[in-house]
Amino acid sequence: MRILVVEDEKKIAGFIKRGLKEEGYAVDVAADGGEGYELASVNDYDLIILDIMLPKCDGVTVCKKLRAEKLETPIIMLTAKTSVQDKVTGLDAGANDYLTKPFAFEELLARMRVLLRRAVQPATRLQVADLALDLLSHKVSRADRDIILSSREFALLEYLMRNTGTVVTRTMISEHVWDIDFDTSTNVIDVYINYLRNKIDADFDQKLIQTIRGRGYMLKE
């Protein structure tokens with residue numbers, strides 16, 4: 001999943017980005033409201049973490065503009081302000097949740113999980129044939145055999161499973177599994193597809209990960 005963090009304080013932005021990447025998310029960071037609005041307008045994000053006090057354009061204005069354009073991506077507002085009115089202002093602007101600085105990273109993750117479950121689907125388990133992926137425990141198994149994946153492999157498999165039966169191009173994969181700095185001219189995506197094949201398909205007669213020549217990949221029963 002791909003997350004946009006709009007935060008002008010470098011230490012906080014770096015802390016959030018590092019933590020989210022360790023959890024397997026692709027993360028883009030914008031340092032002001034204008035840049036955040038542009039990135040949110042042109043890219044497909046699964047969730048936006050938006051500070052209120054931002055240069056160029058404050059977070060409340062950014063949120064209102066995005067909602068006016070019918071963007072339904074979940075938004076978590078961040079702020080150092082603690083008054084009830086400040087929280088109400090953020091929520092009225094269209095934010096889904098509100099987190100006051102300083103905050104524990106575990107709390108941010110918990111709030112994200114709640115919003116992502118609501119936005120994507122109520123189920124916490126994906127299954128294709130005998131391949132199962134648990135979104136809460138991050139466990140993967142096939143035919144009841146546990147499979148150990150890295151965070152990036154897990155994110156790639158989740159994206160393929162959410163799009164079962166649909167061809168996903170390398171561009172689509174890079175936009176959802178990697179961040180904005182990803183070099184699309186490399187063969188990294190092909191390398192990770194091969195990693196998955198070795199772990200998911202190699203020991204089974206039925207091959208789930210298909211290459212669609214000239215187009216991309218498909219997970220198919």
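This is a predicted model: local features need pLDDT of at least 70, side-chain atom pairs count only at pLDDT 80 or more; totals for chains, interfaces and linings use all residues.
Residues are numbered from 1 along each chain as its sequence is written, and side-chain values use heavy atoms, without hydrogens or water.

Helix H2 spans residues 33-42 and helix H3 residues 59-68 (DSSP runs of H or I, at least four residues; strands are E runs of at least two; numbering starts at the N terminus). Their axes come within 10 Å and cross at roughly 20° (lines fitted to C-alpha atoms, for helices over the stretch in contact; angles run from 0 to 180 degrees between N-to-C directions). The two helices are therefore roughly parallel (under 35 degrees).

## Residues at the contact

From H2, Gly33, Tyr37, Ala40 and Ser41 meet Val62, Lys65 and Leu66 of H3 (heavy atoms within 4.5 Å). By class, this contact has four nonpolar, two polar and one charged residues (nonpolar: Ala, Val, Leu, Ile, Met, Phe, Trp, Tyr, Cys and Pro; charged: Asp, Glu, Lys and Arg; polar: the others, Gly among them).

Four strands form an open antiparallel sheet, ordered E6-E7-E8-E9 (strands pair if DSSP finds at least two bridges between them). E6 (125-128) and E9 (145-147) each have a single partner strand, so one side of each lacks a neighbour in the sheet.

Three bridges join E7 (residues 131-134) to E8 (residues 140-142). Helix H6 (residues 151-162) lies across E6, E7 and E8, at about 115° to E7.

How values were computed. Angles under 35 degrees count as roughly parallel, over 145 as roughly antiparallel, 65 to 115 as roughly perpendicular and the rest as oblique.
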